[in-house]
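Let's take a friendly walk through this model, from the inside out. Have the sequence to hand as you read.

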Amino acid sequence: PTTFVSSTQLTAAIPASDVATAGTANVTVFNPAPGGGESGAATFTITNPAPTISSISPATAVAGSGGFTLTITGTNFVNGSVVRWNGSPRTTTFVSSTQLTAAIPASDVATAGTANVTVFNPAPGGGESGAATFTITNPAPTISSISPATAVAGSGGFTLTITGTNFVNGSVVRWNGSPRTTTFVSSTRLEAAIPASDIATAGTANVTVFNPAPGG
């Protein structure tokens with residue numbers, strides 16, 4: 001719908017549907033017959049907004065817990081927004097202008113640490129949001145058995161095998177609260193070097209496993 005203002009100015013009502021998605025539009029003016037015709041085109045640009053993140057859910061995961069779906073809440077999301085994990089794109093589903101979901105593979109949460117989650121809107125306009133922090137925590141370890149479980153006083157140093165769950169590369173075997181040189185074998189097995197001084201005299205010792213932060 002066009003309103004004639006003067007021989008040098010018109011106004012036109014542009015509906016929301018015309019600027020619903022990013023891109024360009026050609027704007028022309030047509031004068032009717034007799035004579036008349038169509039003007040050359042002026043370019044109108046519809047840009048994508050810059051996205052923002054207000055929250056992510058979940059915001060934490062236990063290392064080694066497997067892949068999951070991450071929900072991102074914020075503003076100015078578009079059909080074409082991409083969730084990035086430490087700068088790398090992840091498969092993204094557009095839910096609405098305020099919500100996206102992203103498929104996070106198990107490899108992204110294999111080890112403890114933190115990851116930056118951002119949303120990128122493509123050109124024209126667009127850009128990358130500020131980052132939300134996702135924390136990958138170490139699990140709490142458990143011990144099911146130790147081998148050997150006894151030694152003769154004064155018999156010398158030995159290798160202690162600890163069997164359990166949730167061991168990580170960085171787990172430490174502790175002997176009465178003091179760390180011992182530990183070898184990570186698998187998530188269910190550790191080996192620790194127990195020196196002769198630890199079994200020089202008869203008695204008992206408490207053997208524990210410590211997983212470092214975050215979590216642990």
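## Cores, strands and a surface patch

In this predicted model, the largest nonpolar core has 19 residues, and those touching the most other members are Leu70, Ile72, Trp85, Val117 and Phe134. At least two residues of this core come from each of β9, β10 (82–85), β13, β14 (113–121) and β16 (132–137). Apart from it lies another core, of 11 residues, which includes Leu160, Ala192, Ile194 and Ile199. As a general background, nonpolar side chains in soluble globular proteins tend to be buried together.

Leaving aside neighbours within four places in sequence, Trp85 is in contact with Leu70, Arg90, Ile104, Asp108, Val109, Ala115, Asn116, Val117, Phe134 and Ile136.

Next comes strand β9. Which residues of β9 (68–75) make up its covered face, and which its uncovered one? Phe68, Leu70, Ile72 and Gly74 are on the covered face, while Thr69, Thr71, Thr73 and Thr75 are on the uncovered face. In a regular strand, side chains alternate between the two faces of the sheet.

Within β13 sits Thr101. This residue counts as buried because its relative accessibility is 18%, and the cut-off for buried is under 20%. Its contacts, leaving aside neighbours within four places in sequence, are Thr69, Leu70, Thr71, Thr91, Thr92, Thr93 and Val95.

Now to the other core, where Ile194 is one of the members. Ile194 belongs to strand β22 (residues 189–194). Is Ile194 buried or exposed? With a relative accessibility of 3%, Ile194 counts as buried. Not counting residues up to four places away in sequence, Ile194 touches Gly157, Phe158, Leu160, Trp175 and Arg180. Gly66 is 128 residues from Ile194 along the chain, and their C-alpha atoms are separated by 34 Å.

Finally, the surface. Ile14, Val19, Val27 and Phe44 make a nonpolar patch there of about 370 Å². Of these, Ile14 lies in the loop between β2 (9–12) and β3 (23–27). Ile14 counts as exposed because its relative accessibility is 58%, and exposed means over 50%.

Conventions: Residues are numbered from 1 along each chain as its sequence is written. This is a predicted model: local features need pLDDT of at least 70, side-chain atom pairs count only at pLDDT 80 or more; totals for chains, interfaces and linings use all residues. Side-chain values use heavy atoms; hydrogens and water are left out. Helices (H or I, at least four residues) and strands (E, at least two) are DSSP runs, numbered from the N terminus. Buried means under 20% relative accessible area, exposed over 50%, partly exposed in between (1.4 Å probe, protein chains only). Contact means heavy atoms within 4.5 Å. Patches are made of residues with over 30% relative accessible area and no salt bridge: like charges are joined within 9 Å, nonpolar side chains (Val, Leu, Ile, Met, Phe, Trp, Tyr) within 5 Å. Accessible areas come from the Shrake-Rupley method with a 1.4 Å probe; for residues, only the protein chains shown count as cover. A salt bridge is a side-chain nitrogen of Lys or Arg within 4 Å of a carboxyl oxygen of Asp or Glu. A nonpolar core is a set of buried Ala, Val, Leu, Ile, Met, Phe, Trp, Tyr and Cys residues joined through side-chain atoms within 4.5 Å.
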